[in-house]
Amino acid sequence: MSDDNHTLPYPDAAAEHPTLVIPGSAAAGEQPTRRRRRRWPWVVLIVVVVLALLVVAAELVARAVLPGVVRSVVIEKLDLPADQQLDVETEGILLPQLLSGTLDTLHLSTDSVTLEGITGAADVTATSVPLRGGDLGGASGTVAVDQTQFTSLLAGSDLPVETVEFAAPNATVGGSISLLGVAVPLSLTVTPSAVDGDIELTPVSASIGGLDIDLDQLGSNLGSLGEGLTQPQRVCIADRLPAGLTLSGLEIVDDTAVIDLDVDGAIVSDESLQAKGVCPN
């Protein structure tokens, strides 16, 4: 009897057979790989935030400390009272300026300060201010004085100045002149200005003994005295200012005389510019 169904032989047990891997399953003995999270962006962000906070803190400290330091130096150099009111301001981000050793702008102001016997409100702005010594890049300022203080400034005038009254843009100076041995009251209205570092007073109108008089009549009736009163008068104040300060402008504004000053940047290091100026004889 024949067998038509052939039977396949059993595989040889000693032979190696490939292992089938089921999709989605890990190979035998292999650990699954864990996906690592990238932490470095967060670390960088934290570092940046911390540095920013430190910079802000340093900036705040610098702004809190610097005005006091500047105020102390100014008070010492100008021999001002210890309780002198003085406001100090800077512009821009302060920290880079401190690192560079130069302040871009320094602004000083006070409502009342007395220098060389004259009291007024002062406002000064300096640029390119070196913190380690050296000259200023430049500086300018204004001083506002009242009628009484302006009267003191005109002490060197040839005009008979005893009182001053402001009526912007003019000022009326009052005093007396001697006519035939008699003191006669004189009022002269002038327009103040600055010319070549001097105060210049240009007469506008006049009155003698309370009576208004034309300037031409004043000159013709009083001879050389009258002619002198009708001409612009120069008043030098250089001998009352440091040589490094120059009068550059003068204007009557409301009830004050506003005086503009230019400052030589070398005044901080040149002693000759710190000394009093000289008026021509």
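# Close-up views of a predicted model

**View 1. Asp196, Asp198, Glu200 and Arg234 are linked in a network of salt bridges.** A salt bridge here is a side-chain nitrogen of Lys or Arg within 4 Å of a carboxyl oxygen of Asp or Glu. By this rule the count comes to four salt bridges. This is a predicted model, in which local features need pLDDT of at least 70 and side-chain atom pairs count only at pLDDT 80 or more, while totals for chains, interfaces and linings use all residues. Residues are numbered from 1 along each chain as its sequence is written, and side-chain values use heavy atoms, with hydrogens and water left out.

**View 2. Arginine 234 forms a salt bridge with aspartate 198 and another with glutamate 200.** The N to O distance is 3.6 Å for the pair of aspartate 198 and arginine 234. This pair links distant parts of the chain, with aspartate 198 in strand β8 (residues 198–208) and arginine 234 in strand β10, 36 residues apart. For arginine 234 and glutamate 200 the N to O distance is 3.0 Å. This pair also links distant parts of the chain, as glutamate 200 lies in strand β8 and arginine 234 in strand β10, 34 residues apart. Strands (E, at least two residues) and helices (H or I, at least four) are DSSP runs, numbered from the N terminus. Buried means under 20% relative accessible area, exposed over 50%, and partly exposed in between (1.4 Å probe, protein chains only). Aspartate 198 is buried at 16%, and glutamate 200 is buried at 17%. Arginine 234 is partly exposed, at 39%.

**View 3. Twelve names make up the lining of the second largest pocket, among them Asp198, Arg234, Asp239 and Arg240.** A pocket is found on a 1 Å grid over the protein atoms alone, as an open set of points where a 1.4 Å probe fits, with protein on both sides within 12 Å along at least five of seven lines; lining residues have an atom within 4 Å of a point. The second largest pocket holds about 170 Å³ of space. Strand β10 (residues 233–235) gives the most to the lining, with three residues. The lining divides into four nonpolar, three polar and five charged residues. Aspartate 239 and arginine 240 meet in a salt bridge through their side chains (4.0 Å, N to O). Aspartate 239 is partly exposed, with a relative accessible area of 38%, and arginine 240 is partly exposed at 22%.

**View 4. Threonine 110 lies in strand β2 (residues 102–115).** Threonine 110 is buried, with a relative accessible area of 7%. Its side chain makes a polar contact of 3.2 Å with the side chain of glutamine 84. A polar contact is a pair of N or O atoms within 3.5 Å; within protein, one must be able to donate a hydrogen and the other to accept it, and residues adjacent in sequence count only if both atoms are side-chain atoms. The side chain of threonine 110 also reaches the backbone oxygen of glutamine 85, at 2.7 Å. Not counting residues up to four places away in sequence, threonine 110 touches Gln84, Gln85, Leu86, Ala121 and Ala122, where contact means heavy atoms within 4.5 Å.

Terms used:
Points joined across faces, edges and corners; volume = space filled by probe spheres on them. Nonpolar A, V, L, I, M, F, W, Y, C, P; charged D, E, K, R; others polar.
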